[in-house]
Amino acid sequence: MSWPTGIGHRIQQDIVQYTSPENDVNFTSAVPRRLAPNSPNTLGLPLINWWSGGFPKYARDLSLSSNFLRKMEENGSRVSETCEGGGSNDSLPNTEGLSPDSPDEAPKKRKVMQPRSDAWKHFEKYDDPSGAKRAKCNYCQKTYAAAMKGNGTTSMNNHLIKCPKMPRIMDNSQTQISFLLASNGANEGVLTTWKFDQALSRKALAQMIILDELPFSFVEKEGFKKFMGVTMPQFQIPSRRTLTRDCYELYCEQRHSLKNSFNEARPKICLTIDTWTSIQRINYMCLTAHFIDRDWKLHKRIINFCPISSHKGDDMASVITNCLLDWGLENVFTITVDNASSNDVTVREVSKQLTTWGTNIMNGKHLHVRCMAHILNLIVQDGLKEIGVSIKRVRQAVRYIRQSPARIRKFKECCESQKLTSKRSLCLDVSTRWKSTYMMLDTAQQFELAFDKYSLFDIGLLHHLRTYVCEDGTSAGDLTSVDWDNVRTMVKFLEAFYLLTLRVSGSIYVTSNVHFVEICELDLILKEWMEHEDTSLKEMAKKMKEKFVKYWGEPEKMNKMIFIASILDPRNKLEYVPFAIVRMFGENKGKELILEVKNYMDSLFDYYVKKNSIGTSSASSGNTTTTVSGYGSFLKRGTMRTKLEFEKHKEVTGGLGTKSELERYLAKDLEPETDDFKILKWWKINEPRFPILAEMARDVLAIPISSVASECAFSTGGRILDSFRSSLTPKLVQSLICLQDWLRSEPIPIKVEEDLEYLEQLELGNYFVSFLYYITNNLLNTDDA
């Protein structure tokens with residue numbers, strides 16, 4: 001009950017005063033006990049008279065109207081119990097607002113109190129069949145008595161501690177032990193500490209979306225929400241728009257870090273360029289940078305995936321130049337492109353820009369590198385134009401069986417009856433892709449017995465082979481055992497080109513040192529097949545040889561880096577390369593080409609010697625400001641530095657009977673041919689012996705001989721820009737493709753710092769000491785490159 005305004009507080013004060021020890025009055029005993037609940041005299045004149053006798057000054061305030069007293073009687077106030085129990089007036093019904101002037105105004109309802117115990121967040125009240133109040137656990141459905149009187153929440157709180165199905169809410173500030181699986185998918189792992197972090201979890205979610213090429217709406221799927229609710233309930237799942245912003249912010253963060261690495265390392269980069277048209281009909285250009293860091297690790301990074309207005313050489317060169325300026329990459333060593341005519345214009349315009357910047361080495365003579373994988377494709381494609389009748393018959397047989405599910409099922413039964421265990425399926429080739437033709441023939445020749453048996457059950461196969469008109473306007477004819485012999489020969493022939501294409505298309509290992517070796521191998525293969533007894537194969541090899549001569553048959557048009565990279569392989573040097581040149585081009589052309597290669601390599605080495613001497617002079621001039629106490633000490637120190645610099649000059653440039661680094665390298669014996677030979681590991685170990693030549697080898701060996709690295713990005717772009725996600729903006733497409741490439745390359749960080757003690761030894765010219773130091777500290781811990 002709420003007392004009339006102003007009365008409650010004053011009554012409380014006077015009661016305290018009235019019942020004080022000085023007055024010797026007990027308020028509790030003074031209350032009329034006959035004023036019990038539900039009594040006719042619960043409220044009314046007896047109460048007023050009681051207050052008038054005990055507290056005269058409140059008699060006027062308690063002269064309530066008869067209507068007000070009636071309202072209080074209807075609310076069932078329990079004055080006597082309240083006074084006897086010492087309860088506050090807050091437990092009485094609320095009569096505030098009732099006045100004699102508002103007889104029809106309804107009393108306000110009491111506000112429902114919320115449960116105070118945290119247990120009710122995990123339990124739900126209900127009435128059992130007998131009408132008793134009970135509470136049910138929201139997780140394991142266990143029930144407890146929950147009457148308002150007689151039952152507390154202690155038992156429910158104890159249950160929550162051991163409930164087997166309740167998701168545990170962990171303390172975010174407490175680290176826990178976790179088992180981290182190996183990143184390469186192996187069973188091994190390591191124990192580590194783990195603590196939940198919302199920001200790191202969102203970052204990991206963005207990385208998962210990018211690496212696995214998932215749509216942004218993945219986080220709004222019902223299955224993902226249920227999964228996270230079970231595994232990590234405290235993780236707040238972001239919306240797809242928030243996830244999009246997270247991905248772009250991660251791209252900006254990684255881009256900034258990569259730019260800083262480039263600015264610190266200042267590497268000479270080798271570029272690969274290719275173009276692609278998306279499902280949106282937008283022309284994209286992919287620009288990939290290749291380089292070897294100070295730790296002799298080969299890196300590949302996509303630095304641009306942007307739309308271009310056209311495929312014209314001038315427009316592409318402008319985009320490339322702007323990209324290089326944005327990244328601060330002005331030291332471009334080579335550019336690898338396919339044989340499109342527009343690429344010639346592109347490389348020429350970029351070469352002019354590099355000359356303007358003063359970073360075009362050797363006037364750009366070796367800047368343009370043609371994609372070997374693309375040339376191989378053109379060579380084989382020309383040869384397959386002279387395709388034999390045996391290949392046509394196999395193609396039509398495969399086409400007939402694949403046209404019906406019933407035929408495929410019958411063909412599998414024939415395979416089982418012949419006990420063929422191959423798990424491969426028949427595939428039909430695309431006439432413009434020779435690799436698909438190779439795969440079709442290689443698969444079909446394994447099912448020769450199944451084809452023979454199938455022809456006995458299905459007469460339609462023979463009818464199809466005899467009547468179906470092929471692309472050349474003729475019918476294929478019956479498939480015989482001679483045809484299968486020809487197919488096996490063709491598979492063996494194409495397999496050499498298939499494996500060669502795989503070897504030269506790598507982007508995570510060095511390929512420039514095997515460029516010339518693979519060209520020589522291809523030349524020998526074509527010469528052998530030109531002498532083959534099979535007429536169709538002989539004609540095919542002749543067609544391929546004509547295309548081969550167009551690109552690699554004229555030495556004056558070949559990039560000299562093809563030969564220099566092979567010379568920098570310690571297994572080849574100037575012993576294998578001249579021999580192979582003479583075998584390939586003949587005695588006269590071969591000797592001329594060998595002399596040109598030697599002169600070009602000497603000029604390139606002189607460039608690196610001058611570059612190193614400029615850097616040494618700058619370092620020396622910077623050290624002349626160091627003060628040394630004592631005139632005699634200064635003279636002695638100056639004499640020592642002059643002698644050391646002179647010794648270093650002799651070691652580098654040669655003089656007074658000593659040999660240059662290049663001459664000493666070429667004079668050493670060849671390294672033996674082994675399967676586990678790692679050229680980058682060899683140069684890392686021998687860098688202290690040939691520091692300047694090693695710097696030259698670091699740039700030359702980074703040259704990619706194919707543009708497959710850029711073409712692979714288009715496969716990713718095709719999956720990202722599918723028919724369901726064709727509304728992505730070019731800016732977002734670039735961030736997704738570049739970031740995926742960078743995240744997948746994270747296990748190989750870019751090493752930009754040098755060993756200070758090692759550099760100090762090189763600066764003083766003590767190569768022998770530096771070599772021993774390098775071997776001691778790095779040889780046993782060197783990873784395969």
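Author: A salt bridge, as the word is used here, is a side-chain nitrogen of Lys or Arg within 4 Å of a carboxyl oxygen of Asp or Glu. The model is a predicted one, and a search of the whole structure finds 27 salt bridges.

Reader: What makes Arg 393 and Asp 483 a salt bridge?

Author: The closest N and O atoms of Arg 393 and Asp 483 are 2.8 Å apart, and the cut-off is 4 Å, so the pair counts as a salt bridge. Arg 393 belongs to helix H13 (residues 389-402) and Asp 483 to helix H18 (residues 481-504), so that this pair, 90 residues apart, links distant parts of the chain. Arg 393 is buried, and so is Asp 483.

Reader: What is tied together by the salt bridge of Asp 429 with Arg 395?

Author: The closest N and O atoms of Asp 429 and Arg 395 are 2.9 Å apart, again within 4 Å. Asp 429 sits in the loop between helix H14 (405-417) and helix H15 (434-444), while Arg 395 sits in helix H13, so the pair ties together parts that are 34 residues apart in sequence. Both Asp 429 and Arg 395 are buried.

Reader: Why is helix H26 called largely enclosed?

Author: Of the 8 residues of helix H26 (residues 679-686), 7 are buried, so the rest of the structure largely encloses this helix. Among the buried residues of H26 are Trp 682, Trp 683 and Lys 684.

Reader: Why is Asp 246 called buried?

Author: Asp 246 has a relative accessible area of 12%, and buried means under 20%, so the word applies. Asp 246 is found in helix H9 (residues 240-265), and a polar contact of 2.8 Å joins the side chains of Asp 246 and Arg 202.

Reader: How do you know that Ile 564 is buried, and what does Ile 564 touch?

Author: The relative accessible area of Ile 564 is 0%, which is under 20%, so Ile 564 counts as buried. Ile 564, found in helix H21 (residues 561-567), touches Val 597, Tyr 600, Met 601, Leu 604 and Met 696, if residues up to four places away in sequence are not counted. In the protein as a whole, 43% of the 785 residues count as buried.

Reader: What makes S8 and S10 edge strands of the open sheet?

Author: The open sheet has 5 strands in the order S8-S7-S6-S9-S10, with mixed pairing. Strand S8 (298-307) and strand S10 (368-370) each have a single partner strand, so one side of each is left without a neighbour in the sheet. Strand S9 (residues 332-337) pairs with S10 in the parallel sense over 3 bridges, and Thr 336 stands opposite Val 369 in S10.

Conventions
Residues numbered from 1 in each chain as written. Predicted model: local features only at pLDDT ≥ 70, side-chain atom pairs only at ≥ 80, totals over all residues. Heavy atoms only, no water. Helix = DSSP H or I, 4+ residues; strand = E, 2+ residues; numbered from the N terminus. Buried < 20%, exposed > 50% of the residue type's maximum accessible area, 1.4 Å probe, protein only. Contact = heavy atoms within 4.5 Å. Pairing = 2+ DSSP bridges. Polar contact = N/O pair within 3.5 Å; in protein donor to acceptor, adjacent residues only side chain to side chain.
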